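Open the model in your viewer and keep the sequence beside it.

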Amino acid sequence: RVEEVLQVVKGQQTPAVLAIVAPGRGAGPLSGNLMRSDHAPFWVAEESAVFFTDTANFRNPNYHTRKDTPDTVNQEFLTGVARAAAMSIVAWGDAP
C-alpha cells in the first residue's frame, strides 16, 4: 500500500511524501513522534493503520496555540497535503 501512495503522488503538485513503515507495535527510533495520533492504539494492538501527518507541529510555531489561526497556515502546503491524502484514498479505493 505504501508503494501505491508513493506512485500516485509522484510528479503531482504535492509536497514531498515520505513513507515510514513501522513494524509491529510502531517500535523504532521515531516511535515517540509516530505514536502521537489516533492510529497509535491500532498499532499497539498490532493492527494495520495509516498515519498521515503534514508535520505542522514541527513547521508552524503557532501549532495548537492561541495564535494557530487560518492566517498562520501555509495554504499552498495545506492544499498539497490534502491533495496527496485524497489521491491516496482514491488509489486505495480502486485496489482489489
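Begin by selecting asparagine 62, which is buried because its relative accessible area of 16% falls under the 20% cut-off. Bear in mind that this is a predicted model. Asparagine 62 sits in the loop that lies between helix H4 (56-59) and H5. Now show what surrounds the residue. With neighbours within four places in sequence left aside, asparagine 62 is in contact with Lys67, Asp68 and Thr72.

Next, select histidine 64. The loop between H4 and H5 also holds this residue. Is histidine 64 buried or exposed? Histidine 64 counts as exposed, since its relative accessibility is 64% and the cut-off for that class is over 50%. Check the backbone here too: the phi of histidine 64 is near 55°, a positive value in a residue other than glycine.

For the last stop, select helix H1 (residues 2-9) together with helix H5 (residues 75-93). Two packed helices are described by the angle between their axes and the distance between the axes. The axes of H1 and H5 come within 9 Å and cross at roughly 125°, and the two helices are therefore oblique to each other. The crossing of H1 past H5 is right-handed. Which residues make the contact? Show Glu4, Val5, Val8 and Val9 on H1, then Ala84, Met87, Ser88, Ala91 and Trp92 on H5. Coloured by class, this contact of H1 with H5 has 7 nonpolar, 1 polar and 1 charged residues.

Key
Residues are numbered from 1 along each chain as its sequence is written. This is a predicted model: local features need pLDDT of at least 70, side-chain atom pairs count only at pLDDT 80 or more; totals for chains, interfaces and linings use all residues. Side-chain values use heavy atoms; hydrogens and water are left out. Axes are lines fitted to C-alpha atoms, for helices over the stretch in contact, and angles run from 0 to 180 degrees between N-to-C directions. Helices (H or I, at least four residues) and strands (E, at least two) are DSSP runs, numbered from the N terminus. Angles under 35 degrees count as roughly parallel, over 145 as roughly antiparallel, 65 to 115 as roughly perpendicular and the rest as oblique. A crossing is left-handed if the near helix is turned anticlockwise from the far one by less than a right angle, and right-handed if clockwise. Contact means heavy atoms within 4.5 Å. Ala, Val, Leu, Ile, Met, Phe, Trp, Tyr, Cys and Pro count as nonpolar, Asp, Glu, Lys and Arg as charged, and the others, Gly among them, as polar. Buried means under 20% relative accessible area, exposed over 50%, partly exposed in between (1.4 Å probe, protein chains only).
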